[in-house]
Amino acid sequence: MIRGERKEAIAGWMLILPALLLLVAFTHYPTVAVLIRSLFGQGLHGKAPPFLGLGNYRAMVADPVFWQALRNNALYAAAVIPLSMALAIIMALAVDAATGARIAGRVFLRVAYFTPTVLPMIAIANIWLFFFTPGYGLIDRLLSPFGLGNWNWLGSTATALPAMIAVAIWREASFYMIFYLAALQAIPPTLREAAMLEGSSRLNFFRRVLWPLLTPTSLFVFVNVVIDSFRLIDQIVVMTHGGPDNATTILLYYIYEVGFQYWDAGYASALTSVLLAGLAIVALVQFGLLSRRVHYR
Amino acid sequence: MTARFAAIETLGAWLLGLIWIAPLFWAIWAALHSGAAATGFDVFAPLTLENFVRAWNGAPFAQGLLNTSIVITIALVVQFALCTPAAFAFARLSFPGRDLVFALVLVQLMVSPDVLIVQNYQTISRLGLIDSLLGIALPYLGSAFGIFLLRQSFRQVPQELDEAARLEGLGPIRRLWRVYVPLARPTYIAYGLVLVSFHWNNFLWPLIVTDSVSTRPLTVTLAMFATPDQGLDWSVITAATLMSVAPLLVAFLIFQRQFMQNFMRAGVR
């Protein structure tokens, strides 16, 4: 028996080892290495990077662009998270066979809502770029009858970030709708029949029955949208390059800029460690939320 | 009262649907018209395929498509080959350190390779894989998502089946191959589909790690071609955009029900 256990232990480790090696090499190792690297400088002309201690972090605290990136990222997250979750739920309710029974053309709507998920962000960005073009772009054309229009959406610091947020929401709502749809389809129809017999209004049914049943999904979606709000930068790379005047620079974009345009790996590593700290907080919050949910049961 | 409410609901749902599909519709319309007609919203302008020809000749899209396909093939084959045994071990074998290691694996769901671009670039560079297709795929090959998904699926395989195979004297590898993998087929399809669309759409990492036409995937090829500062017509840009999304988009439009069901299966935990 002991021999069997040992054999199983060896087999277990052998089976996980290849995948584990790759995971460690590209997730755990870089997480640690980035913290160490952040203590060193740039290392120009093939020389070894000089040790700076906390120099990069001191520079970071004094760097107005870093603070702006943080502020932009907070705004980005604060808008993208609630709006894309709300839209995802509304879309799922509209195209679900039971909750959206009274809506005509559900099959078309379902495809329309979901399409952004199969389009690359960069393709989406190209099309939106035209929509936002001042003067003859679609948005300005729609606004011109109202005396508005000819507004440089991406070129002005007031509207560039909201434009990036709109593109992000457009994509996120589409993707996460599918999770709500799956959850709605798993809800037994008898619940609805019982509620209807009792004469409960649709709003009440949503609030008292559907919403609580969707909580695990909402939790899952919430955590993922939060993570996405740290890393969705494809449209920023293509549409605004972080500008104008850093108005659309969020943290990961700034890391990309420092790391791959200024080639300062040390400073980019220090910035990455701030991003990792943010993700660690998300992980802790998720852990807290999950353990609270167990008490409810 | 309820009839009016239903009408408002339908109207709202359609408005949302139109906003969500508008970019695609507009892109198709613009790509089929001359640049002036497209930006001038001239409804009666003649149709043309000229834009597609110009886009196709303007950038190496065929090479991009080939590169994307190779990256996807590498990712599919290697991820399936590595995640399957790992998922099985986590699901059905007991060995010291299992739960701790599994928790470590799950870290990747939080800290995705996108966030670690600076350090992963150093690693890929040290391996001499900058500007190579393997370099694009490598950071994603050990996948926590895949391990997690397959583990869930393997855990649903009835213990009795496993027990019967064990009594017949089958070792873990053969049990995995004969019992678990066939039963998890729907999960493989769902996982594969999510994987294909992820790598088809992936942009930032390939942009960083590639440096030449021979390795750039479609997304990067498109981005290099379709920068408005190159003085291109919007119609040509949209034609290029449509060409690079077409294969996946057409597949989705044909198999939309299966597509969505598989995305749901991959997301439901």
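Trp128(A), Phe130(A), Phe131(A), Phe132(A), Trp170(A), Trp26(B) and Trp234(B) come together as one aromatic cluster. Rings of Phe, Tyr and Trp (its six-membered ring) pair if their centres lie within 6.5 Å; planes under 30 degrees apart are stacked, over 60 edge-to-face, and the rest tilted. A quick word on the ground rules: this is a predicted model, where local features need pLDDT of at least 70 and side-chain atom pairs count only at pLDDT 80 or more, while totals for chains, interfaces and linings use all residues. Residues are numbered from 1 along each chain as its sequence is written, chains are lettered from A and ligands numbered from 1 in the order in which they are written, and side-chain values use heavy atoms, with hydrogens and water left out.

Searching the whole structure over all chains turns up 33 aromatic pairs. Here are two of them.

| Pair | Centre to centre | Angle between planes | Class |
|---|---|---|---|
| Tyr256(A) and Phe260(A) | 6.3 Å | 35° | tilted |
| Phe61(B) and Phe225(B) | 5.7 Å | 80° | edge-to-face |

Tyr256(A) and Phe260(A) sit four residues apart in helix H12 of chain A, so about one helical turn separates them. Helices here are DSSP runs (H or I, at least four residues), numbered from the N terminus. Tyr256(A) is buried at 9% relative accessibility, and Phe260(A) is buried too, at 10%. For the record, buried means under 20% relative accessible area, exposed over 50%, and partly exposed in between (1.4 Å probe, protein chains only).

The chain B pair links distant parts of the chain: Phe61(B) belongs to helix H4 (residues 61–92) and Phe225(B) to helix H13 (residues 218–225), 164 residues apart. Phe61(B) is buried at 4%, and Phe225(B) is buried at 7%.

Now for helix H11 of chain B. With 17 residues (185–201), H11(B) reaches 24 Å from first C-alpha to last, close to the expected 24 Å; that expected span is 1.5 Å times one less than the number of residues. Its buried residues include Tyr188(B), Tyr191(B), His199(B) and Trp200(B).

Then there's the backbone. His241(A) isn't a glycine, yet has a positive phi of about 50°; this residue lies in the loop between helix H11 (234–239) and helix H12 (251–260) of chain A. Asp131(B), also not a glycine, has a positive phi near 60° and lies in the loop between helix H6 (117–126) and helix H7 (133–137) of chain B. Asp131(B) is partly exposed, with a relative accessible area of 24%.

Notes:
Helix = DSSP H or I, 4+ residues; strand = E, 2+ residues; numbered from the N terminus.
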